[in-house]
Amino acid sequence: MIRTIVAALALGALVNATSAGEPDPRDWDAVLADARGETVYFNAWGGSQNINAYIEWAGAEIERRFGIELVQVKLDDTANAVAKVVAEKAAGKDEGGSVDLIWINGENFAAMKRQDLLMTPGWAEDLPNWQYVDVENKPTVRTDFTVPVEGLESPWGMAKLVFFYDEARTDPADLPSDAQSLLEWARANPGRFSYPQPPDFIGSSFLKQVLVELVEDRSVLQEPVDEATFDAVTAPLFAYLDELHPAMWRSGRAYPQNYPAMKQMLADNEVDIIFAFNPAEASSAIENGELPDTVRSFTFPAGTLANTHFLAIPYNAASKAGALVTANFLLSPEAQARKQDPKVWGDPTVLAPGKLEPADRRRFTALDLGVATLAPDELGPALDEPHPSWMERLEGEWKRRYGVGN
Amino acid sequence: MLARLGPPLAIVLLAGPILFGFFGTLLPALGYLPALGGTEISLAPARMLANEPGIMRSTMTSLAAGLASAAISLAVVALFIAGWSGTRSFARIQHLVSPLLSVPHAAAAFGLAFMIAPSGLLARLVSPGLTGWTRPPDLLIVHDPMGLTMIAGLVVKEIPFLFLMTLAALAQLRVAPTRAIAASLGYGRIAGFIFCLWPPLYRQIRLAVFAVIAFASSVVDVATILGPLTPPTLAVRLVEWMNDPELSMRFLASAGAMLQVAVTGIAILIWIVLERLGAAWRNRFARAGHRFRRDAPARMLGLGLMSLAAGIVIAGLGALAAWSVAGLWPFPDVMPRSVSLKSWAFTLPRIVAPLATTLIVGLIATLIALFLTILCLIREDETGRRGGRGAVWLLYLPLIVPQVAFLFGLQLLFLGGGAKANLPALILAHLIFVMPYVFLSLSDAWRAFDRRFDAVASGLGKTRWRALLRVRLPMLTRAIVTAGAVGFAVSVGQYLPTVLIGAGRLTTVTTEAVALASGGNRRVIGVYAFLQMVLPMAGFLVATAIPALVFRRFRAMRI
């Protein structure tokens with residue numbers, strides 16, 4: 001009996017000792033020492049082979065250099081990882097949680113931040129590799145869908161809405177140049193355009209793109225939704241969709257599930273114009289034999305949505321030091337350059353080439369971005385993401401109007 | 001003595017987690033979940049659910065899908081067995097259909113979608129030659145609003161299940177003599193079978209039919225791949241709510257889970273009414289003395305539908321297999337333009353760990369389930385009474401309560417118990433779903449066992465245990481290994497329990513497949529569908545091989 005109590009006390013002391021020692025990224029050597037031997041469970045969407053392969057490469061490097069084992073927990077929806085942390089909080093499991101690192105942005109980040117599910121205080125800007133981040137020209141690395149990041153997540157990659165078409169089937173001269181001309185194009189080519197069904201991330205982003213283009217005053221989108229004006233602000237969007245849907249694939253009675261499904265539809269010749277958030281998507285798909293090599297990219301000259309995706313650490317992560325080291329490695333010029341290679345993944349970097357050592361800069365200039373990828377200066381202006389509450393309300397309204405059939 | 005432990009052990013291991021999980025879902029459905037700020041019992045979630053747009057339509061689609069899938073697949077199986085059992089064609093179809101039971105639902109659904117979609121293989125075969133289509137026509141086939149494609153996808157998968165269940169039960173009936181009597185009285189094959197053999201046969205597969213209704217009315221993966229989208233079925237929507245990052249949606253999802261329970265329950269009640277009507281109808285014809293001798297068209301229909309169902313799954317899987325090695329494969333090409341082993345080379349080295357988990361969890365869960373089932377059944381024989389209706393329903397709860405209705409609560413149980421994701425927890429979670437199927441497969445055959453064999457064994461001086469080990473278990477070998485194979489296949493196919501209880505750290509072939517399938521890449525889906533299929537198929541090969549081997553010298557033990 002006494003022995004049990006002593007053991008319990010000792011165990012308690014041990015737990016206290018570890019929780020008192022929250023890793024501090026400003027003392028990087030201590031973090032590295034702490035992290036050695038840890039296993040980091042990285043919760044990331046697992047729907048893309050090349051991304052999984054990239055994470056595997058990173059895992060091998062981190063194991064070799066820092067003695068950390070990186071395990072990718074392949075999700076089909078990032079919200080599942082959020083749900084897991086919520087379930088743990090509900091069960092009172094405030095330490096030793098099962099999620100160490102999450103690939104995240106937008107509404108999932110906003111939800112976790114609002115409910116204090118993230119590791120505090122902010123740590124991202126204290127990472128050694130933060131110095132290379134392009135905070136000047138890429139404001140979205142500090143503001144995630146208008147929500148201040150405050151160091152609660154570390155930038156990983158850039159995203160920009162880009163459209164793709166097959167040169168062999170569609171004349172580039174006919175391509176739309178904004179939402180309005182896309183509608184005209186769809187009317188002239190009925191059944192040849194679609195978008196993923198909201199609340200799919202890319203589908204909802206399409207709604208936001210159209211809203212941002214058509215709204216009278218863009219500044220209202222930077223604020224949380226005001227219920228009083230919501231109908232008036234979004235009226236042009238829904239008028240647009242009312243006209244677009246009859247001209248869409250399956251007359252808008254069915255939708256692709258996500259952007260990879262749209263890629264398959266382009267290959268199957270079911271549609272002529274698709275889009276994705278990764279400018280290198282088409283080059284990467286051509287490389288993999290998923291799309292014909294006649295596919296090319298275009299964007300809207302007046303701008304398309306752009307955002308950043310991040311890595312976050314839950315408040316109850318079991319291997320916080322290991323997660324910090326992993327986030328820092330994934331932010332390194334070496335890892336970022338490899339990620340930008342379309343043969344690997346093609347995800348644009350968050351770093352500023354100008355801030356890098358010459359050797360590291362060459363890693364980026366040496367990249368062949370692929371035949372279907374637009375150069376960074378051809379991507380057009382970046383439109384700001386609306387506040388996350390817009391996404392939520394738009395999805396709800398979309399479902400009410402179009403998602404329940406009539 | 002040992003057998004006495006069977007029923008309580010089964011109840012604790014199965015009903016415990018389910019009841020806890022169920023209440024863990026019921027309370028949020030009533031607005032109570034302190035961790036998310038719900039501290040009072042209220043009907044707010046129910047009101048929220050009632051106000052959810054299109055909820056009525058989603059509910060009706062689920063209900064209709066459950067009933068239609070069960071009715072059509074049962075009708076096809078009945079027509080075929082009635083018209084053809086004991087023939088050479090029957091044996092051929094049996095060999096064709098049985099392995100299909102092991103095909104995961106998602107893989108079969110993907111295969112079907114690729115066959116019948118406007119850009120699918122069937123359209124490619126006749127384009128542009130016969131149709132003049134150089135681009136696929138804009139037709140809404142997959143995801144149609146009525147859910148017909150989804151029902152078709154469910155039917156082709158439930159036919160093998162019901163067929164195999166029926167076969168196991170058929171072995172317990174005196175088919176050939178009964179047939180001979182019916183024929184000598186002038187009845188056609190189908191009528192003779194339906195009048196004389198169907199009632200005792202149906203009694204044995206009734207719970208399997210209930211399981212089909214429950215499954216089809218609450219299925220998620222098939223409904224996502226083939227079902228209507230605007231709006232989706234109830235089950236799909238409540239999984240969406242459950243996964244919503246807006247955590248207050250948990251209340252709505254829990255209320256939806258309760259509605260799902262009700263929908264499944266109502267579907268089964270309607271079915272019971274239909275059963276009565278069907279029986280009355282049959283009796284009327286039987287009393288009227290119709291012989292239905294000219295039933296050749298009906299027999300051909302049975303054979304045709306059965307072959308079509310099997311054929312389309314096999315062709316779909318063939319197409320997926322082709323996709324797994326395809327390079328670029330645009331419409332309207334019938335064959336891929338190039339072939340590459342890239343997808344395979346990429347996948348195989350990464351499959352080892354999930355494969356090991358799948359095998360270990362599946363085998364252990366199946367063995368425990370078989371062991372517990374046999375203990376319960378022995379106990380049943382000893383006491384001479386079956387567990388009360390309540391006990392039976394408890395056991396079948398996992399088949400009838402939709403998984404989502406109690407998995408969230410179950411997850412809380414494991415976390416609250418301080419258990420990390422570990423193998424025993426995962427095996428226990430799988431056991432909850434494996435056990436009912438094993439029990440379902442085995443119990444009817446066990447109960448239909450002719451007890452006079454036991455009497456003969458006792459008469460020859462064997463103890464009860466020796467009679468069990470030397471007479472009953474060997475005679476039931478076919479039923480036992482079939483039950484084991486079903487159990488293993490069920491374990492391999494588990495997605496939600498593996499994701500939630502394995503917390504992503506323990507992955508199986510199926511969780512990997514679904515994660516990759518969310519990327520919609522047919523090549524990868526092809527590879528995983530194949531791997532997902534090979535495992536249970538190996539189980540069923542064993543299930544076929546063992547009795548064949550054991551009984552090779554026993555003529556009366558062959559079907």
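**Ground rules.** I am working with a predicted model, where local features need pLDDT of at least 70, side-chain atom pairs count only at pLDDT 80 or more, and totals for chains, interfaces and linings use all residues. Residues are numbered from 1 along each chain as its sequence is written, and chains are lettered from A and ligands numbered from 1 in the order in which they are written.

**Entry one.** I looked up helix 12 (residues 234–242) and helix 13 (residues 249–288) of chain B; their axes come within 8 Å and cross at roughly 160 degrees. That makes the two helices roughly antiparallel (angles over 145 degrees count as such). Their crossing is left-handed. I listed the contact residues (C-beta atoms, placed from the backbone, within 7 Å). Helix 12 of chain B brings, among others, B:Leu238 and B:Trp241, and helix 13 of chain B brings residues including B:Ala253 and B:Gly256. The contact divides into 11 nonpolar, 2 polar and 2 charged residues.

**Entry two.** I turned to helix 19 (residues 423–447) and helix 22 (residues 477–493) of chain B. Their axes come within 8 Å and cross at roughly 155 degrees. Helix 19 and helix 22 of chain B are therefore roughly antiparallel to each other. Which hand does the crossing of helix 19 and helix 22 of chain B have? I found it right-handed. Among the residues that meet are B:Phe433 and B:Tyr437 in helix 19 of chain B, and B:Ala483 and B:Val486 in helix 22 of chain B. This contact has 12 nonpolar, 5 polar and no charged residues.

Notes. Axes are lines fitted to C-alpha atoms, for helices over the stretch in contact, and angles run from 0 to 180 degrees between N-to-C directions. Helices (H or I, at least four residues) and strands (E, at least two) are DSSP runs, numbered from the N terminus. Angles under 35 degrees count as roughly parallel, over 145 as roughly antiparallel, 65 to 115 as roughly perpendicular and the rest as oblique. A crossing is left-handed if the near helix is turned anticlockwise from the far one by less than a right angle, and right-handed if clockwise. Two residues are in contact if their C-beta atoms, placed from the backbone, lie within 7 Å. Ala, Val, Leu, Ile, Met, Phe, Trp, Tyr, Cys and Pro count as nonpolar, Asp, Glu, Lys and Arg as charged, and the others, Gly among them, as polar.
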